[in-house]
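Subject: Structure handover

Dear colleague,

Here is the structure I said I would pass on. My notes on it follow below.

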Amino acid sequence: MLLYVFRHGIAEPGGVDTLDADRPLSSLGIERTLAAAHGLARFADRPNVILTSDKDRARQTAGILGDLFDLLPQTVPQLA
(Lines give C-alpha, C1' and ligand atoms only; values in the text may rest on other atoms or scores of the structure.)
Protein backbone atom coordinates (compact mmCIF):
# COMPACT_ATOMS: atom_id res chain seq x y z
CA MET A 1 0.00 0.00 0.00
CA LEU A 2 1.21 3.50 -0.84
CA LEU A 3 0.10 6.54 1.11
CA TYR A 4 0.60 10.02 -0.26
CA VAL A 5 0.15 12.96 2.10
CA PHE A 6 -0.58 16.14 0.18
CA ARG A 7 -0.68 19.29 2.26
CA HIS A 8 -3.29 21.93 1.49
CA GLY A 9 -2.28 25.01 -0.46
CA ILE A 10 -1.70 28.53 0.82
CA ALA A 11 -4.83 29.95 2.40
CA GLU A 12 -6.18 33.46 2.58
CA PRO A 13 -5.16 35.25 5.77
CA GLY A 14 -7.62 34.99 8.61
CA GLY A 15 -9.44 37.92 10.07
CA VAL A 16 -11.06 38.70 13.36
CA ASP A 17 -14.39 37.33 12.13
CA THR A 18 -12.95 34.40 10.17
CA LEU A 19 -12.60 30.95 11.70
CA ASP A 20 -9.40 29.15 10.75
CA ALA A 21 -11.43 26.29 9.28
CA ASP A 22 -13.23 28.71 6.95
CA ARG A 23 -10.14 30.17 5.27
CA PRO A 24 -10.17 29.33 1.54
CA LEU A 25 -7.16 28.89 -0.71
CA SER A 26 -5.63 32.10 -2.00
CA SER A 27 -5.15 32.55 -5.75
CA LEU A 28 -1.45 31.73 -5.24
CA GLY A 29 -2.49 28.69 -3.21
CA ILE A 30 -4.68 27.46 -6.07
CA GLU A 31 -1.92 28.06 -8.62
CA ARG A 32 0.73 26.23 -6.59
CA THR A 33 -1.63 23.40 -5.70
CA LEU A 34 -2.41 22.84 -9.38
CA ALA A 35 1.31 22.75 -10.18
CA ALA A 36 2.06 20.35 -7.32
CA ALA A 37 -0.87 18.10 -8.26
CA HIS A 38 0.35 17.87 -11.85
CA GLY A 39 3.83 17.06 -10.54
CA LEU A 40 2.41 14.28 -8.38
CA ALA A 41 0.46 12.88 -11.34
CA ARG A 42 3.70 12.50 -13.31
CA PHE A 43 4.99 9.77 -10.99
CA ALA A 44 2.03 8.54 -8.96
CA ASP A 45 -0.59 6.05 -10.03
CA ARG A 46 -4.22 7.04 -9.70
CA PRO A 47 -5.11 6.72 -6.02
CA ASN A 48 -7.95 4.53 -4.83
CA VAL A 49 -9.27 7.25 -2.55
CA ILE A 50 -8.70 10.89 -1.66
CA LEU A 51 -9.48 11.74 1.95
CA THR A 52 -9.76 15.29 3.26
CA SER A 53 -10.66 17.17 6.40
CA ASP A 54 -13.69 19.45 6.37
CA LYS A 55 -11.62 22.67 6.42
CA ASP A 56 -12.28 24.83 3.35
CA ARG A 57 -8.69 24.94 2.09
CA ALA A 58 -8.26 21.18 2.55
CA ARG A 59 -11.49 20.45 0.66
CA GLN A 60 -10.43 22.80 -2.14
CA THR A 61 -7.03 21.11 -2.36
CA ALA A 62 -8.64 17.66 -2.42
CA GLY A 63 -11.01 18.89 -5.13
CA ILE A 64 -8.08 19.91 -7.32
CA LEU A 65 -6.56 16.45 -6.86
CA GLY A 66 -9.94 14.83 -7.42
CA ASP A 67 -10.41 16.66 -10.72
CA LEU A 68 -6.97 15.60 -11.87
CA PHE A 69 -7.39 11.94 -10.89
CA ASP A 70 -11.13 11.78 -11.68
CA LEU A 71 -12.07 10.93 -8.09
CA LEU A 72 -14.59 12.40 -5.69
CA PRO A 73 -12.77 13.26 -2.44
CA GLN A 74 -14.26 11.89 0.77
CA THR A 75 -14.53 14.22 3.75
CA VAL A 76 -13.37 12.78 7.06
CA PRO A 77 -13.92 15.37 9.84
CA GLN A 78 -11.47 13.56 12.14
CA LEU A 79 -8.63 14.57 9.81
CA ALA A 80 -9.04 18.19 10.90
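A polar contact, as used here, is a pair of N or O atoms within 3.5 Å, where within protein one must be able to donate a hydrogen and the other to accept it. Please keep in mind throughout that this is a predicted model.

A polar atom of the Thr-52 side chain lies 3.1 Å from the backbone oxygen of Ala-58, which is within the 3.5 Å limit. Thr-52 belongs to strand β1, residues 51–52. Its relative accessibility is 5%, so Thr-52 counts as buried. Leaving aside neighbours within four places in sequence, Thr-52 is in contact with Ala-58, Arg-59, Ala-62, Pro-73, Gln-74, Thr-75, Val-76 and Leu-79.

Ser-53 sits in the loop between β1 and α2. Ser-53 is buried too, with a relative accessible area of 8%. A polar atom of the Ser-53 side chain is 3.3 Å from the backbone nitrogen of Lys-55. Residues up to four places away in sequence not counted, Ser-53 touches Ala-58, Arg-59, Thr-75, Val-76, Leu-79 and Ala-80.

Thr-75 is found in strand β2, residues 74–75. At 42% relative accessibility, Thr-75 counts as partly exposed. Beyond four places in sequence, Thr-75 touches Thr-52, Ser-53, Asp-54 and Arg-59.

On the chain as a whole: the secondary structure comes to two helices and two strands, and from the N terminus on the elements run α-β-α-β. The radius of gyration is 13 Å, close to the 12 Å that the globule rule gives for 80 residues, so the chain is as compact as a globular protein of that length. Along the principal axes, the C-alpha atoms fill a box of roughly 40 × 25 × 15 Å. Of the 80 residues in the chain, 29% are buried. The accessible surface comes to about 5700 Å², and 55% of that belongs to carbon and sulfur atoms. Among contacts between residues at least 6 apart in sequence, 57% join residues at least 24 apart.

Next, the core. Nonpolar side chains tend to be buried together in soluble globular proteins. Which residues make up the largest nonpolar core here? There are 10 in all: Leu-25, Ala-37, Leu-40, Ala-44, Ile-50, Ala-62, Ile-64, Leu-65, Phe-69 and Leu-71. Helices α1 (27–43) and α2 (56–69) each supply at least two residues of this core. The most comes from α2, with four residues. Ala-44, a member of the core, is in contact with Tyr-4 and Phe-69 once neighbours within four places in sequence are left aside.

Helix α2 has 14 residues, which at 1.5 Å a residue should span 20 Å; the end C-alpha atoms of α2 are 20 Å apart, which agrees. The buried residues of α2 are Arg-57, Ala-58, Thr-61, Ala-62, Ile-64, Leu-65, Gly-66 and Phe-69. What covers these buried residues includes α1 and β1. An α-helix has 3.6 residues a turn, so residues three or four places apart point the same way. In α2, Ala-58, Ala-62, Leu-65 and Phe-69 are among the buried residues.

Just after α2, Asp-70 takes a positive phi of about 55°, in a residue other than glycine. Asp-70 lies in the loop between α2 and β2. Is Asp-70 buried or exposed? At 64% relative accessibility, Asp-70 counts as exposed.

Last, Glu-12, which is found in the segment before α1. At 34% relative accessibility, Glu-12 counts as partly exposed. Neighbours within four places in sequence aside, Glu-12 is in contact with Arg-23, Pro-24, Leu-25, Ser-26 and Ser-27. Leu-25 is one of the core residues. The C-alpha atoms of Glu-12 and Gly-39 are separated by 23 Å, and the two residues are 27 apart along the chain.

Regards

Technical notes:
Residues are numbered from 1 along each chain as its sequence is written. This is a predicted model: local features need pLDDT of at least 70, side-chain atom pairs count only at pLDDT 80 or more; totals for chains, interfaces and linings use all residues. Side-chain values use heavy atoms; hydrogens and water are left out. A nonpolar core is a set of buried Ala, Val, Leu, Ile, Met, Phe, Trp, Tyr and Cys residues joined through side-chain atoms within 4.5 Å. Buried means under 20% relative accessible area, exposed over 50%, partly exposed in between (1.4 Å probe, protein chains only). Contact means heavy atoms within 4.5 Å. The radius of gyration is taken over C-alpha atoms; the globule rule is 2.2 Å times the number of residues to the power 0.38. Accessible areas come from the Shrake-Rupley method with a 1.4 Å probe; for residues, only the protein chains shown count as cover. The expected span of a helix is 1.5 Å times one less than its number of residues.
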